[in-house]
Amino acid sequence: MIVNRGLPVPNALQNKRYRATGSARRSERLVVGALVACALGTIALSVLIVVMLIKESWNFFSSPQVSLVEFLSGSEWTALEEKELDKVKFGILPLLSGTLRVTGIAMLIAWPLGLITAIYLSEFASKRIRRVLKPALEVLAGIPTVVFGYFAILLISPALQWFSPSFDTFNATSAGIAVGILCLPLVCSLAEDALSAVPTSLREAVYSLGGTRMNTAVGVVVPAALSGVISAMLLAFSRALGETMVVALAAGTSATFTLDPRQQSQTMTGFIVEMLKSDLEYGTVQYYSLFGVALALFVITFGMTMLGQIIRRRYREVYQ
Amino acid sequence: MSELPKALESFNPVEPSPRTELQRRRDRWFRGLCLAIACSSVAILGLLLISIAYQGATSINSTFLSGSHDPENPEQAGMYPSIIGSLLLCLLCGAVSLPIGVAAAVYLEEFQPKNRWLRQLHGLVQLNISNLAGVPSVVYGLLGLTMFVYMFQLFGKLEKNQVSGIDFWGVQRYYQFVAADDLTVIMVPLTDRTKSTLEIQEACPAYDTDFNPIELVVWDSRTPAPSDPEVLSRTVRQGEVGAAVEIYNWYYFRVPFGPSLLAAALTLSLVILPIIVIASQEALRAVPNSLREASAGMGATRWQTVQQVTLPSALPGVLTGAILAMGRAIGEAAPIFVVLGGNIARRTGPEHLMDSCVTMPILIFAWADNPVEQYRQLAAAAIIVLVALLLVMNSVAIYLRGRT
């Protein structure tokens, strides 16, 4: 019998049975099977989303009143206003322009503010300021989107109208500002992750050359983390495109094809909500048009997210 | 031998060159700008909370917390059904997505295969989860609408505002009669769902309201009525017409789900699934490898290691992520709006799985969208309740994170 420091060695070791017991291996196989099923379930979810969008929007695109060319290039969208099906115009450009107006304004706010806040947090902030800023940003990130919509009609829109009476009550700018505030914490936390992944040795190298902290941040750290920063910006962009409740409350309900940020601007998501609010029945062409819009929305956001992923993976600088 | 740089040649530590001075000044300015902008996010948060508190604080009282939506009278309106609805929805949604999400994360982190093809599958799942996290929630709502509410219309066409489908369990259908003493209610089981009323001609199996079988007596009103009150309480006049009623147990189940609590919960669980997977993966990644190696060294299989070593030590992180995802689920409005519609006229919380349901964000949306100024104030009050609930959940999450 092998004895080690007075303690008896377990039976399994004495008999040189180093592998796990048979029952453990059998249950192992079952469990791994279940885990794989869960992981594959997430792929099935993606497939379902795509199948659902294509199948339901096929009902829209295959109806005689709709042509794909007109859908992609038409500058009038009257799915809700027009009662007679033959006169309804399905051109997605007004919805697209509304979405881009709101998203553009949102990004004008979220990108610079989020990036600069991230630079401050990773390069300058003392521990005490971090302890205030980080939780504040987390709380801001956790506030439901419908609250930002309410904030837009409660405060931002009246403030804009006070600033210049030419703003409509519901306008692209107030919705855009609210969406921008909503995306700010997202840009900030993703960009900060990227910035703090840059090794300290690079910063020390700049200091040793006599660079200031600003030189370090702007000249070295941000370029070194550029792939992460850009992917953060793209993710925020796609989040803003898909934002629904804020635009449903604050951006208005008429689809306008213009560049004027003071006007009402129904977005793609805003249209989906308006259509569901209306009393049109499931099965009509107008109702199915919302799946066509959703498909367009999905394609755009998916492209953005994918691009962000690719940039982050391909252009990531790996430091040892 | 290399030359000395110019800057060092004329280096004067006491009196820096104008260029250095400029650089330093720029640095100070830049730092100030960064600080100002960073603080502006705190300022925005403060402005948002203060303006909403100012708008809504006066409306919070006991009527508001216990009442339900009142379309005529804003003073009497309340949000009780939406609080219950949100909490139930959140629980149900967590019960569905938490096990699946953690299992997917465990597979991705702890069972990385060596085989090349399987590795590619692994990468695909990982990429797919990042993409799912970027899908707009309203698209998930549409998926829920076709998959859960209408079930691709496999079970016949479901009209708006009309409940139909195939029942599985949890529902009893009866015709309701008033007994001859005008007090007791008698239930007669329903067999044919197409008939919404039943005319009593002869005795049939019947129950009282506690579902105990009783012996039904049919009384021809031309003859004298039974005198015994006990008999009278189970007597029905001949020719009396009873209307169909449905009694649901909480586990009532039918397909398609229709705009119901279950459909909304399943849809929401799809929305938060990627968030839970990503958070759990991060928590698992933070477990030091030495623990896994020690466990493997004791002869444990990979699952035994996960079950007894990795998961317990990653649990605080997993729970933190789960709570944050629940917070997201409670605040999410778009997918629920798509699945349930914007109807907020309910007096109670959902009573069974197939019952419709109001949640706080939907109520806030409907009130904020209402042109009447008083309802907008109520929306602010409801926001205060919602944000307070979320803050409580977040502090629990931060407390748990502090314990890792």
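Reader: Which residue is the bridge partner of B:Gln176 in β2(B)?

Author: B:Met187 is the bridge partner of B:Gln176 there. Keep in mind that this is a predicted model.

Reader: Fine, but what makes β1(B) and β2(B) a pair?

Author: Pairing takes at least two bridges, and β1(B) has 5 with β2(B), residues 185-189 of chain B. So the two strands count as paired, in the antiparallel sense. They also form a hairpin, with 6 residues between them. In that turn, B:Asp182 has a positive phi of about 60°.

Reader: And how do you know that β1(B) also pairs with β8(B)?

Author: Same test, another partner: 9 bridges join β1(B), residues 166-178, to β8(B), residues 241-255. Against a threshold of at least two, that makes them a pair, so the label holds. The strands run antiparallel, and B:Val171 stands opposite B:Tyr248.

Reader: What does A:Ala178 touch, leaving aside neighbours within four places in sequence?

Author: Among its contacts are A:Phe148, A:Phe151, A:Ile156, A:Val246 and A:Ala250. Each of these has its C-beta atom within 7 Å of that of A:Ala178, because that is what contact means here.

Reader: Now the chains. What makes up the contact between chain A and chain B?

Author: 75 residues come from chain A and 72 from chain B. On the chain A side, helix α2, residues 22-61, gives the most, with 19 residues. By class, that side has 53 nonpolar, 16 polar and 6 charged residues.

Reader: Last one: how do you know that domain 1 and domain 2 of chain A touch?

Author: The assignment gives domain 1 as 22-62 and domain 2 as 86-314. Their centres are 30 Å apart over C-alpha atoms, but contact is judged residue by residue, with C-beta atoms within 7 Å. By that test, 6 residues of domain 1 are in contact with 8 residues of domain 2, so the two do touch. The domain 1 side divides into 3 nonpolar, 2 polar and 1 charged.

Conventions. Residues numbered from 1 in each chain as written. Chains lettered and ligands numbered in written order. Predicted model: local features only at pLDDT ≥ 70, side-chain atom pairs only at ≥ 80, totals over all residues. Helix = DSSP H or I, 4+ residues; strand = E, 2+ residues; numbered from the N terminus. Nonpolar A, V, L, I, M, F, W, Y, C, P; charged D, E, K, R; others polar. Domains from an automatic or database assignment.
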